[in-house]
Amino acid sequence: APSAMVVYEQTNPTDRFGKVMVDNLMRRGCPLLSIHDYPSLDAQKERYTQRGWDQAVAVDMNQVYDKHLDCKDVERIQRLELLDEFEEWHLIQAHYFLLVATRVPQGAAAAAGEEHAWVHQVPIFSQAPAAPDGHDASPTAP
């Protein structure tokens with residue numbers, strides 16, 4: 001059967017904010033055990049593709065907020081004024097990401113792979129609107 005994994009983790013441990021984030025979580029008993037092994041979005045994508053996942057797509061939470069949320073939801077969130085400084089919000093969001101890794105069954109017939117290829121087309125991070133035929137017009141992997 002086709003498989004997908006969604007990951008939400010921290011990233012960018014080497015800048016000033018990242019160092020404070022890693023230290024704070026460690027002092028609270030939540031060490032980020034692999035953040036230095038996979039410190040960037042590219043390293044995270046490679047982590048999954050080297051372990052048998054066919055595709056891995058990762059975006060930081062700023063990208064999710066700016067490009068993948070409904071505009072009306074973003075406007076509603078901004079009206080709540082939970083944060084006085086959106087600079088701080090963006091700094092925090094640059095240190096968290098979503099990754100989606102997908103794979104289809106290997107072995108069997110090539111047709112089985114084609115049958116399950118839809119898992120790579122789920123428009124989780126698509127940026128383009130649907131094409132006139134109703135299909136997503138952009139790929140979901142870089």
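Of the chain's 142 residues, 32% count as buried, where buried means under 20% relative accessible area, exposed over 50% and partly exposed in between, with a 1.4 Å probe and protein chains only. The chain exposes about 9400 Å², of which carbon and sulfur atoms supply 54%; accessible areas come from the Shrake-Rupley method with a 1.4 Å probe, and for residues only the protein chains shown count as cover.

This is a predicted model, in which local features need pLDDT of at least 70 and side-chain atom pairs count only at pLDDT 80 or more, while totals for chains, interfaces and linings use all residues. Residues are numbered from 1 along each chain as its sequence is written, and side-chain values use heavy atoms, with hydrogens and water left out.

## Fold elements and contacts

The secondary structure comes to six helices and three strands, in the order β-α-α-β-α-α-α-β-α from the N terminus on; helices (H or I, at least four residues) and strands (E, at least two) are DSSP runs, numbered from the N terminus. Among contacts (heavy atoms within 4.5 Å) between residues at least 6 apart in sequence, 67% join residues at least 24 apart.

## Helix α2 and R47

Helix α2, residues 41-49, has as its buried residues L41, A43, Q44, K45, R47 and Y48. Their cover includes the strands β1 (3-10), β2 (55-60) and β3 (96-103), together with helix α3 (61-68).

Within helix α2 lies R47, which counts as buried because its relative accessible area is 17%. Leaving aside neighbours within four places in sequence, R47 is in contact with E9, S34 and Y38.
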